[in-house]
Amino acid sequence: MEKLNQNILPKLIVVLGPTAVGKSDMAVQIALALKGHAEIISADSRQVYTGLDIGAGKITKKEMLGVPHFGLDIVSPKRRVQFSVAEFQTYTDKVIGEIQSRGNIPILCGGTGFYIDAIVDGIVLPEVKTDLKLRKELETYDTEKLIKILSKLDKNRLEQIDINNRVRLIRSIEIAKTLGKVPAIVKKVRFNTLLIGLDMDKEELMNKVHTRAMKRLKQGMINEAKELRADGVTWKRMKQFGLEYGLLAEFLQNKLTREQFIDRLLIETWKYAKRQKTWFQRREDIQWFDPSKKGTLNKILKTVKDFIKN
């Protein structure tokens, strides 16, 4: 494969979709088909943290099949503030540049919608410093109160974000209080992007989501949470990671029985998958494929090769 022509928009492949649909495996298969000319960047807001392996569904070295991966184990889970979208954008832009300098194509793979949008659309994010005092106060409020606060500050922004994502709500309030309102999103497209979406029948996906959740339990998800705690990760910090880790924090503090924990785990992971689907369905530039159907891999590989050739 020839080095990318810098006079045109460089190519970027994105593999996205809800949790448990098979994104990581598909990205690896695409990279292998490109015979060493592709490298993968994870777009997952929890896989950036060291130690969040089983619960976050981080791909293993064995599963990578020799394909270079980035975006994993970037920061400590003990840091006081979340790894922001702006930080992810800065990191990913740098990695993409390095991949392209090697004459390879970057494959962005994950299910964190805002991470993917920030790269694909080139969203210009406002530069507002973290206000730890304000965040500490906002974290004591329930989600409904955060929604009301943001609604008063900037109703338009409220309509653009996932209202179930407390981190996004708090950050939006922080920006709105600093700047008067959250600035309108400015986009600067920098890539010629192929967006490959993976999805499947509702019942089949639900079964995969539940099966994988139980598999993670068997793999030692509870022990992983205990190790995080022993390493100094607070219960509060663990809850901020959401989903499995939030529930594990409650379970390990005896606020949930094992049965309650499992029930909540299955319910919350499925809700998360549905939120991901809703987020991605906003985009009209995604080509969707059902990985459970025969011949899908060949269709995707043909789509990728046509994209690269053209």
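Student: Which residues line the largest cavity?

Tutor: The lining of the largest cavity consists of Thr-19, Ala-20, Val-209, Arg-212, Ala-213, Arg-216, Glu-244 and Thr-269. A cavity here is a set of points, on a 1 Å grid over the protein atoms alone, where a 1.4 Å probe fits but cannot get out, and lining residues have an atom within 4 Å of a point.

Student: What kind of model is this?

Tutor: This is a predicted model, in which local features need pLDDT of at least 70, side-chain atom pairs count only at pLDDT 80 or more, and totals for chains, interfaces and linings use all residues. Residues are numbered from 1 along each chain as its sequence is written, and side-chain values use heavy atoms, with hydrogens and water left out.

Student: What is the mean pLDDT of the protein?

Tutor: The mean pLDDT is 91, and 95% of the residues reach 70 or more. pLDDT is the predictor's confidence in each residue, from 0 to 100. Over residues 1-7 the pLDDT is below 50, although this stretch has eleven contacts in the model beyond near neighbours in sequence. A contact means heavy atoms within 4.5 Å. Where pLDDT is low, the predicted coordinates should not be read in detail.

Student: Which helix gives the most to the lining?

Tutor: Helix α9, residues 202-219, gives the most, with four residues. Helices (H or I, at least four residues) and strands (E, at least two) are DSSP runs, numbered from the N terminus.

Student: How do the lining residues divide by type?

Tutor: Three are nonpolar, two polar and three charged. In this scheme Ala, Val, Leu, Ile, Met, Phe, Trp, Tyr, Cys and Pro count as nonpolar, Asp, Glu, Lys and Arg as charged, and the others, Gly among them, as polar.

Student: Ala-20 is on that list. Where does Ala-20 lie?

Tutor: Ala-20 lies in the loop between β1 and α1 (23-33). Its phi is near 75°, a positive value in a residue other than glycine.

Student: Why does Ala-20 count as buried?

Tutor: Ala-20 has a relative accessible area of 9%, and buried means under 20%, exposed over 50% and partly exposed in between, with a 1.4 Å probe and protein chains only.

Student: And Asp-73, buried or partly exposed?

Tutor: Asp-73 is partly exposed, at a relative accessible area of 39%. Asp-73 sits in the loop between β3 (69-70) and α3 (85-101), and its phi is also positive, near 55°.

Student: New topic. How many helices and strands are there?

Tutor: The protein has 14 helices and eight strands. Its radius of gyration is 20 Å, close to the 19 Å that the globule rule gives for 310 residues, so the protein is as compact as a globular protein of that length. That radius is taken over C-alpha atoms, and the rule is 2.2 Å times the number of residues to the power 0.38. Buried residues make up 50% of the 310.

Student: How much of α4 is buried?

Tutor: Eight of the eight residues of helix α4 (residues 113-120) are buried. Among them are Phe-114, Tyr-115 and Asp-117. After α4 comes Gly-122, with a positive phi near 60°.

Student: What about Lys-11, where is that?

Tutor: Lys-11 is in strand β1, residues 11-16. Lys-11 is buried, with a relative accessible area of 10%. Leaving out residues up to four places away in sequence, Lys-11 touches several residues, including Gln-100, Asn-192 and Phe-307.

Student: And Lys-129, buried or exposed?

Tutor: Lys-129 counts as exposed, at 76% relative accessibility. Lys-129 is in the loop between β5 (123-124) and α5 (132-138). Not counting residues up to four places away in sequence, Lys-129 touches Arg-171 and Glu-174.

Student: How far apart are Lys-129 and Glu-174?

Tutor: They are 45 residues apart in sequence and 8.9 Å apart in space, C-alpha to C-alpha.

Definitions and conventions: On a 1 Å grid over the protein atoms alone, a cavity is a set of points where a 1.4 Å probe fits but cannot get out, and a pocket is an open set with protein on both sides within 12 Å along at least five of seven lines; lining residues have an atom within 4 Å of a point.
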